[in-house]
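I opened the file today to look up a few things and write them down. The entries follow the order in which I checked them.

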Amino acid sequence: MDAQYLALAQMAVGGGLMGMAYALVAYGFQLTYAAGKAVNFGQGELVMLGAFAGISLAGAGLPYWLSVLGAMAAGAALGWLVERVAVRLALKQRNEGWILLTIIVGLFALSSVENIWGRDDRPYPAPWPTGAIDFFGISVTWPELAIAAGALGIMTLVELAKRYTMVGIAVQAVSADPDAAELCGIRSRSAITLSWAVSGVAAAFAGTVIGPVTTVGPTMAAALTLKAFSVAVVAGLDSGFGLVIAGIALGAAENLSGYVLGSGWREAPGLILLILALSLRPQGVFGKKIIRKV
Amino acid sequence: MIAGLDLGLREKSAERILRIALFIVLGALPALWHGQYALGLLTLMAVYAVLLIGLDATVGYLGQVNLAQAALFGLGAYGTALAVQAGAPFYLALPAGILAALLPGASLALPALRLEGPQFALSTLSFATLSVIVLNESESITHGALGLSIVRPTLFTVVLDARGFYWLCLVLLFIAWWASGILLKSRFGLSVEALRDSPTATDALGIGTLRHKVLAFAWGSALAGLAGALHALNFGYLQPAAFGYDLMVMLLLGVVFGGRRSQWGAFAGAAVVAMLPNLLSNRILFSSLVGCGCALTLVPAIRALITRRVPSFRESAPLGAMVIALALAFFASNVEEWRKGIFALFLFAAVVGLPDGLAGAVAAAMHRFIRFTPDPLPQAAEGVMKSHTITSALPLRALKLSKSFGGVKAVDNVTLEIGQGETLGLIGPNGSGKTTFINLVSGLYAPDGGSVEIAGTRPVPGKLMAAFSAGAARTFQNLQPFSGLTALESIIVCQRDGGKPEAMGWLRAVGLEANARERCSDMSYGDLRFLEIARALSTRPRLLMLDEPAAGMSKPDIARLVDLVASIKRMGLPVLLIEHHQDVVAELCDRVAVMDGGRLIALGTSEQIRRDPKVIEAYLGADDEEAEVRDQKEAHAC
Amino acid sequence: MKVSRSILAVLLATSFSTVSMAADVVKIAITGPFSGGSAPMGLSMRDGARLAVSQINQSGGISVAGKKMKIELIERDDEGKNDRGALVAQEISSMGDISAVIGTVNTGVAVMGDKYYVEKGIVKIITPAAGSASMTQWSKAGVKDLPIFRFASHDGIQAQMVVEKALRLGFTRVAILHDATNYGVSGRDDLIDQIKKQGNKLNVVALEKFAIGDKDMTGQLIKAKAAGAQAILIWGIGPELAAVASGKEKLGFKVPMIGGWTLSMSNFIDTAGASGNGALMPQTFIEDESIARAKPFILAYHKAYGVARIPSPVSAAQGYDAALLLAEAIHEAGSTAPSKIKLSLENLKVTVKGSIADWKKPWTRWNPLNVETHEAFRRATTVMGKVQNGRVILANPSEKFVLEGTNAN
């Protein structure tokens, strides 16, 4: 293959794989939005905390898999905490105070991480073999593949749970109409809390798979939140697996524009695309149109 | 409690006096507080105050989370810096900065227009990130990450030293403060607040979300540009990274902590943001501050405990945040390193426990201890309900209107006309499509088929403003009040002509004259229903549409309603009335249309439709046999 | 209420600070990045200086005009950010009782902040910042009387050595990668300048830049690889350097990295792991106990801070020696006034035995036409270091004598 095309393909593939991480974080948005129409503006911080939790557990001697599970458990607890502290009140008051409150909680989390773990970036110890796999001239590393596999895995698991377990169906009922669900005996509040906990699990897991590729540090949070948001909005906040497509597209677009235009311009096309998508189709490419009811 | 201290002052005058006093103190401070560093802080505070007053326009008044302000600040700064580099004098460099922020800001409002809540926040965030990227990458112009240095030009041959520049900033801050106050408390400001509370109602009543969103955003951007210009001239060195998300969060939190919808709040927030690093580096000072915070947040929790109640989240969470801050004050090895976390804790306490911020809390306290002379209410004008001018065209001509949602045909091929001065009732069981019909006519939805003609004009389908311009005005089945406004303000913001006396007149017409100064969020359900009618009337429509105005009303209120609609009839104004209360319909309506399952099944006088078997069936159901026979007959007839 | 109370409190606090404590301390400020990507350098510099100061204080302090004075350190974190650095410099220069400042790692911070010191005449020893611009800005401005000194091997020297090494290793095609900060950009400029000066024998086949915070260098590396680069000449700091090293590994692009001294930073070495081995960089100090002169300092540092490895050995040693030189200058000046200290630094009489070298009058009277008058290091005092298994060692063992000897001026 022509070297130039190969280079472009390399950039696109690497970006696309990374984009699946964005999709996973965006999936967390989807879960909480479905339940209570609220999203965590500090989701990136949750990802970061999950990664640090994983690093600390691994540092304490736990094998990789246990550290990932431990991180996920931490993610669930943190997700619950964010809901309890930042979201519940706003939902009760039926306003959008959760936007600010989740930003605030995220800020506190960032500050805590800076002081507990330090401001430097750290490598995430993962047992993947070093070196790259060659697919027709394109190099892919094991951690990158782990991102893709992990993201798809978690999303599939949760979607299956949503459809085939009683709890999952109950949560779906609450998403559709919280008042009606209450009338049927489903505690909406528990369903919402559960969604936030699962969203926390998704975020923490994302941290443990992103960490080996990008290293872990306080600065990873902000960039991630925006990118995951872009994916969520472009795909649509209720689009299910549409997120994966949007994530791959955004990741690939980022890398390609960085390569072609220069590394500083990486994020630009994604952002322009986002603004356009928001103006032309606010419900997202795959989302359902919102019907205004008065 | 202490009886209010009566100063014989109106609140407005008191505020004005305080403001002037504040600026005098600020101006005099450099004489008392020596040192370049102190002056630098004060100047920074003044610049941030301008910036936050601008941010408040969107965050406080529009009620949207605007994440672009820091970037606009940066654009303004670079605009001025580049102008200075190009040799522009002081008096041109400032406007250059304003324009550099105003133009992108206003153009951002256009795509952000249709968005609400998190999507709006996200589009502003994208814009902000893009701006920083552009500033970083345009190295040939901005020197990118290396930064841009400029030398402050002279102001009309006067070399401004640090103190002089500070006073200039104070002057500009004063102007920005004063102008914002005027703008945001005028009808424009009320419209912006109305827009925040109910965008649907603002469009339906012709106030126009587009115009106001763009203007509010533009005003905020212009102030960001001014602040940026001052910042560039003050600091002399700019770097793109300084205007990123970190700063934006600080600004946002400053405006919230200080108090939204208040220039005082913006100033308080600016002071906190500017002074924060210093407040933290002195541990004793900081600990005492947190101690006060703990004490203050303890009050609501104790109050709850005294009444033997478990303190709610709102009462206990701020205390929890303050306790964590106190722990940090004592145990953290370096308090300054926890800067962001501490700010977050204070903010959390403010957002949860003090939703109106510092300024709001102070204002509330002031109201408790001082009694201000209320603003005089004007006398209600007479004769607002004057005769409605009759046009030649029919008030309403709906022709073969259809609308489906997914598989459901909400409105199916409905043709309906309203004659001059006619009151037409529209009834039918729940889910028959009545509200959807009104939504089609008023422009909330675009029909899938058919057309709407209002007073001879065919408005662009699906546009609330277009239907309004053609002459439609409506009330809503689910109330859409402007909760942040008072009853009087709600009318002022809607009315087509006249001033306060006319607005009072409209209130009197619906019996709400006594509630003029009452905030909508405090008004009773029944009163709000009447207010909605007054709002619609004040726009002097050619067609008035009332969607279940009597729903949930008490018996006496229903009687009042009937009288009101009767007087509207006497005006000659055509009315489309959706109602379930059959007696109301019978008394008021000249004709009645009946819908069922999206279709118009009957049209006639009250008497006629009461006896119509199809209507009876629709409401009460029918014998299966009878229904089958009739359906077969219908199928054969064509 | 809270706002006015806090203004009042700040007023009180700052008014207290102008009342100086007991007159037998000399106040020295240390500034640098104690957080962020440059933190290992800042922290090591600070710790090295702290070590020197505590040793001096333990032996009674500096003898100033017959009176023994202890050194009090005021520390400020500039986070490696230019605007923060400017604020820090403003704060320190307005304190009124600071005699001298040691510090700064990031060139941009020096460019932005040092003007406040020059304005007030406060002495500053820049270490370990290497960007040429930190000093050339003063000769460009034509400043006559300069209180700023540099105690580090500046980029001019380092770029010269990097190009020499590349040529000595027989390369003809190189890629230049640099970050977007003042440091990276001036490094790039110095490299290109040196290539020209050394006969234009190196062909720069790729010139790429990256931003602080970039994690994925695949794009830049693909271009370098496709152009056939035999080595990467690189100017950046720890985290990004590590990203380049691992990115190189991923692409199977096995060429050496030769670059600025920042390749010795612990956060590069640790994060890059095995992919960092073989990186070459100029060093003024190697953490090697077999070097007789360096040994006492290394042992003392390890003991004082409980570490087995200094995060940035060059920064630590330079911070240590700079503090020693400053103390000597204060002693010889017989005063804590910055103006006297400055003169003393330019005319050091006693040879100061440091961890890096024996310093004999490292600086002379400032001459705006010759920046070297306020530069302490020369080419001859710098060696090439190499990353090997988590440490920095001498690339060329035969250069050991340089680290043992005195400074050649």
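Entry one, chain A. I am working with a predicted model. I listed the secondary structure of chain A and got 11 helices and two strands. Reading along the sequence, I wrote the pattern down as α-α-α-α-β-β-α-α-α-α-α-α-α. I then checked the overall dimensions: the C-alpha trace of chain A spans about 60 × 50 × 35 Å along its principal axes. A compact globule of 294 residues would have a radius of gyration near 19 Å, and chain A has 19 Å, so the two agree. I found 59% of the 294 residues of chain A to be buried. Of the contacts in chain A between residues at least 6 apart in sequence, 75% join residues at least 24 apart.

Entry two, chains A and B. I looked up the contact and found 36 residues from chain A and 42 residues from chain B. On the chain A side, helices H3 (64-93), H4 (97-116), H9 (220-235) and H11 (268-280) each supply at least two residues. H4(A) gives the most to that side, with 13 residues. By class, I noted 25 nonpolar, seven polar and four charged residues on the side of chain A that touches chain B.

I still found a bend of about 40° in H4(C), at Gly113(C). Is H4(C) mostly covered or mostly open? I counted 11 of its 14 residues as buried, so I call H4(C) mostly covered. Gly113(C) is among the buried ones, as are Asp114(C) and Lys115(C). After H4(C) comes Gly121(C), with a positive phi near 75°.

Technical notes
Residues numbered from 1 in each chain as written. Chains lettered and ligands numbered in written order. Predicted model: local features only at pLDDT ≥ 70, side-chain atom pairs only at ≥ 80, totals over all residues. Bend = angle between axes of the 7 residues up to and from the residue. Helix = DSSP H or I, 4+ residues; strand = E, 2+ residues; numbered from the N terminus. Buried ≥ 20, exposed ≤ 12 C-beta atoms within 10 Å, placed from the backbone. Contact = placed C-beta atoms within 7 Å. Nonpolar A, V, L, I, M, F, W, Y, C, P; charged D, E, K, R; others polar. Rg over C-alpha atoms; globule rule 2.2 N^0.38 Å.
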